[in-house]
Amino acid sequence: MPQTQKHDSEFLQAALIGLQHMLGALEQRIGDLRSHLGGQPAPGKAAAAAPESGAKKRTMSASARKRIALAQKKRWAAYNAAKAKPAAAKPAAAKPPKRVLSKEGRARIVAATKKRWAAFHKAQKAPKPVAKKAAKKAANSVAKPAAPLAVAAAAAPAAE
């Protein structure tokens, strides 16, 4: 008989869980209908019933949150300290002075640039000579109809 009581309690627990699940689903449907009708949503019972039937939400204690926050602050402090050390070392090394362009050097560069642009513009204004390839291509375009016959004649002996 003791086994029967154990099975009865397990059976009743399973039935209770199933009914709670059905109750949560019904309350959800009631809330949906109320929202469609423009009424207020279902009271907090529906919200509270859903987590009971499903997985419970885990919470973290205040002390655990504090420990995690302190550990994260410590990690960031170490990261920032490591990042600041190489930056402090760089200014210690003497940088070479910036190079300055003399007036004469700048004048030479400007003159050379003007000379190059003048040559470019002169080349643009000059009449372009007809290229040999273009003339040859024009001559070949007239003789093109004979080319397919030559290809066919060359292919005929190979076929035999």
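How many aromatic pairs does a search of the whole structure find? I ran the search and recorded 2 aromatic pairs. I counted rings of Phe, Tyr and Trp (its six-membered ring) as a pair if their centres lie within 6.5 Å, with planes under 30 degrees apart taken as stacked, over 60 as edge-to-face and the rest as tilted.

Entry on the model. I note that this is a predicted model, in which local features need pLDDT of at least 70 and side-chain atom pairs count only at pLDDT 80 or more, while totals for chains, interfaces and linings use all residues. I number residues from 1 along each chain as its sequence is written, and side-chain values use heavy atoms, with hydrogens and water left out.

Entry on Trp 76 and Tyr 79. I found the ring centres of Trp 76 and Tyr 79 5.4 Å apart and the planes at 90°, so this pair is edge-to-face. I located both residues in helix 3 (residues 62-92), 3 residues apart, or about one turn of the helix.

Entry on Trp 117 and Phe 120. I recorded an edge-to-face aromatic pair between Trp 117 and Phe 120, with 5.5 Å centre to centre and 90° between the planes. Trp 117 and Phe 120 stand 3 residues apart in helix 4 (residues 103-125), a separation of about one helical turn. I read a relative accessibility of 48% for Trp 117, which counts as partly exposed; Phe 120 is partly exposed too, at 41%.

Entry on the whole chain. I counted 6 helices and 0 strands, where helices (H or I, at least four residues) and strands (E, at least two) are DSSP runs numbered from the N terminus. Buried residues make up 4% of the 160 residues in the chain.

Definitions and conventions:
Buried < 20%, exposed > 50% of the residue type's maximum accessible area, 1.4 Å probe, protein only.
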